[in-house]
Amino acid sequence: MPRTNIDPARRALWASLRLPVVAAPMFLVSGPELVVAACKAGIVGSFPNTNARTIEEYEDCMRRVTDALAQARAADPSARIAPWAANLITHSSNVRLQQDLALVSLLGMPHVERNAHHFVDGMSFASDAEQKAFVSAHR
């Protein structure tokens, strides 16, 4: 039985997706172009913050993605353009973490995730039976 108590923000997220998929944040591979292409294809795009070597480069990447997606939404308001995720490396070796968090906040990103698989609260959209089957199959 489908869940009926899904909050409006989560419902809007699912409505923006063609598939419940996250384009994995790949070190030295994922960049603004890949994130934008994924989002335009209807899947969540993401890239690790450490792909940008400086906070200035990171800000440029985030603004490029934000601007490109805003332009795509304006050009076709009916398009299913997925959101994107900034994948923050929270390991103590990331000496720039506080700057990255401040930048994400400044740009108004509603979600900050340290692991992309937590982006949509896992399987919370699925029925209890489906969640239990998924967990059983992946133990």
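**Salt bridges and cysteines in a predicted model**

A search of the whole structure finds zero disulfides, a disulfide being a pair of cysteine sulfur atoms within 2.5 Å. The structure does hold three salt bridges, each defined as a side-chain nitrogen of Lys or Arg within 4 Å of a carboxyl oxygen of Asp or Glu. This is a predicted model, in which local features need pLDDT of at least 70 and side-chain atom pairs count only at pLDDT 80 or more, while totals for chains, interfaces and linings use all residues. Residues are numbered from 1 along each chain as its sequence is written, and side-chain values use heavy atoms, with hydrogens and water left out.

**Cysteines**

- Cysteine 39 is buried, with a relative accessible area of 0%; buried means under 20% relative accessible area, exposed over 50%, and partly exposed in between (1.4 Å probe, protein chains only).
- Cysteine 61 is likewise buried, and its relative accessible area is 8%.

- Glutamate 33 and arginine 64 meet through their side chains in a salt bridge, with an N to O distance of 2.5 Å.
- Because glutamate 33 belongs to helix α2 (residues 32-40) and arginine 64 to helix α3 (residues 55-75), this pair ties together parts that are 31 residues apart in sequence. Helices here are DSSP runs (H or I, at least four residues), numbered from the N terminus.
- Glutamate 33 is exposed, at a relative accessible area of 53%, whereas arginine 64 is partly exposed, at 38% relative accessibility.

- Arginine 64 and aspartate 60 are four residues apart in helix α3, so about one helical turn separates them.
- Aspartate 60 counts as partly exposed, with 39% relative accessibility.
- Glutamate 59 and arginine 63 form a salt bridge in which the closest N and O atoms are 2.9 Å apart.
- Glutamate 59 and arginine 63 are separated by about one helical turn because they lie four residues apart in helix α3.
- Glutamate 59 is partly exposed at 27% relative accessibility, and arginine 63 is partly exposed with a relative accessible area of 37%.

**Network**

- Glu33, Asp60 and Arg64 are linked in a network of salt bridges.

Technical notes
Helices (H or I, at least four residues) and strands (E, at least two) are DSSP runs, numbered from the N terminus.
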